[in-house]
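Work through the exercises below with the sequence and the 3D view at hand. Each task is followed by a solution in steps.

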Amino acid sequence: MKIDWNNKKVLILGFSLSGKAAARYLINGKWKMENGKFSVYITEQRDRKPEDEKEIKELEALGVKIEFGGHSEEFTSGVNIAVVSPSFPLDNELYIKLKNEGVDIISEPDLAYLESDTPFISITGTNGKTTTTALVSHILSTQYKAPACGNIGQPPISLVKDNPDYFVCEMSSYQAEHSKYLQSKIACWTNFTPDHITWHKTLENYFNAKAKLFEVNNIEFSILNGADAELLKFSKSEKCNGKIYLFDKELDNNCSYIKNDAIYFKRDGKEEKIIDLKDCSLVGHHNYQNIMCGVIIAKLTGITNENIKSAIMSFKAPEHRLEKVREFNGITFYNDSKATNPEASIVAIDSFNNQNVVLIAGGRDKLTSLDEFCNSVNNHIRTVILIGEATARFEENLKNHGFSNIIKEDSMESAIDKSIELQPDVVLLSPACASFDMFSGYEERGRVFKEYVLSKR
């Protein structure tokens with residue numbers, strides 16, 4: 001389906017990265033020259049900030065109309081199509097108004113899908129989707145033009161003009177929820193654990209948002225984590241379409257799994273060894289899952305085994321995802337700031353065995369269960385240093401689970417200093433919390449950690 005943009009008023013909900021990219025694409029389109037009635041508006045609830053000024057001037061010079069501090073009648077009336085920014089709430093009054101008026105509300109990935117013939121490889125999951133997206137792009141780029149995009153950073157609409165062979169698109173639950181038209185060629189679901197319940201309201205809604213990617217009629221392949229009970233169950237349901245491949249278990253005739261300390265791939269019952277675990281650049285079982293998922297996608301897109309293996313060996317983990325920062329005075333420092341929920345921290349914590357590990361955790365609490373997190377800490381961590389708003393609840397839960405070697409600090413810097421004093425083998429920043437109590441986002445939190453660690457002499 002192609003959208004007829006003539007005589008259309010397009011409203012972009014949110015001055016976000018994807019919203020601005022959509023505006024640039026639309027306002028530069030040929031339809032602007034063909035029909036002067038075509039118009040693009042951006043409405044943003046928050047106040048205007050000094051750092052916005054450069055892009056505001058650029059977009060306004062192109063003809064985009066922009067407002068901050070609310071949603072005026074001038075902007076929100078007579079709208080034909082709305083492009084919604086990922087985290088724009090479903091219960092927002094403007095969203096409900098536009099929906100009730102029959103406005104076609106789409107996501108930015110929807111827009112890229114409708115405006116391009118490039119097939120989508122959509123990757124979702126509570127954890128691991130960023131690493132998997134980056135890895136898949138890295139492997140596919142040995143033979144194709146296959147940029148990583150979506151929630152990983154670069155909006156796919158900004159890549160349409162480059163005419164890539166594939167969009168390797170990380171899809172958050174927000175993006176999946178808002179998507180109306182997207183039909184992926186390949187969709188992958190890395191795992192499912194509770195997250196973003198405040199936005200989705202219920203765990204069922206959160207699951208259903210991600211499931212939408214697999215329920216479309218024209219999907220060619222669905223790839224799911226066979227070791228995840230919920231996803232294995234979903235893979236066997238009528239809702240999951242396309243030819244199904246599972247990873248992390250040798251199930252059926254189409255799968256990827258670990259055997260004899262190596263990763264294997266099976267298609268229609270024929271088995272191939274891909275790579276020994278010792279040759280993988282990523283460590284930890286959660287990363288082996290990411291690799292198995294990447295192997296399936298690579299094989300389905302025709303990448304040679306040789307290129308798959310060499311790409312896996314040369315791949316480096318994305319920033320803030322169990323990222324090795326440095327070794328200093330016999331201590332290895334890891335930045336896992338992207339672990340914004342307990343489940344994400346668990347997979348990092350479980351990567352370390354028989355070592356003296358100091359865990360730096362805490363931040364803005366997501367109020368999910370800490371039972372499994374505390375069990376993992378008991379099995380793998382020597383000392384926990386807590387920072388941020390969640391300190392009291394984390395301390396209480398850890399003590400209730402029999403873990404008492406807890407230190408409380410007021411800042412990231414003091415937490416690092418204290419961890420160095422303890423002379424462990426490993427210092428792991430894996431907060432299990434959002435970052436907004438002390439930082440602008442997990443990226444800033446990770447950068448502060450890395451910069452301070454790297455400053456030590």
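**Exercise 1.** In which hand does H15 pass H16, left-handed or right-handed? Describe the packing of the two helices and their contact in this predicted model.

*Solution.*
- Step 1. Locate helix H15 at residues 371-380 and helix H16 at residues 391-400.
- Step 2. The two helices pack at an angle of about 65 degrees, and their axes are 9 Å apart.
- Step 3. The crossing of H15 with H16 is right-handed.
- Step 4. H15 contributes Phe373, Cys374 and Val377 to the contact, while H16 contributes Phe394, Asn397 and Leu398.
- Step 5. Sorted by class, this contact of H15 with H16 has 5 nonpolar residues, 1 polar residue and no charged residues.

**Exercise 2.** State the order of the 6 strands in the open sheet, and explain why one side of E15 and of E19 is left without a neighbour.

*Solution.*
- Step 1. The strand order is E15-E16-E20-E17-E18-E19, with mixed pairing.
- Step 2. Strand E15 (323-328) and strand E19 (406-408) are at the edges and have a single partner strand each, so one side of each has no neighbour in the sheet.
- Step 3. From one strand to the next, the twist averages 20 degrees.

**Exercise 3.** Find the sense in which E16 and E20 pair, then the helix that packs on the sheet.

*Solution.*
- Step 1. Strand E16 (residues 331-335) pairs with strand E20 (residues 426-429) in the parallel sense, over 4 bridges.
- Step 2. Phenylalanine 333 has valine 427 in E20 as its bridge partner.
- Step 3. Helix H18 (residues 442-455) packs on the sheet and touches E15, E16, strand E17 (357-361) and E20.
- Step 4. The direction of H18 makes about 20 degrees with that of E15.

How values were computed. Residues are numbered from 1 along each chain as its sequence is written. This is a predicted model: local features need pLDDT of at least 70, side-chain atom pairs count only at pLDDT 80 or more; totals for chains, interfaces and linings use all residues. Side-chain values use heavy atoms; hydrogens and water are left out. Two strands pair if DSSP finds at least two bridges between them. Axes are lines fitted to C-alpha atoms, for helices over the stretch in contact, and angles run from 0 to 180 degrees between N-to-C directions. Contact means heavy atoms within 4.5 Å. A crossing is left-handed if the near helix is turned anticlockwise from the far one by less than a right angle, and right-handed if clockwise. Ala, Val, Leu, Ile, Met, Phe, Trp, Tyr, Cys and Pro count as nonpolar, Asp, Glu, Lys and Arg as charged, and the others, Gly among them, as polar.
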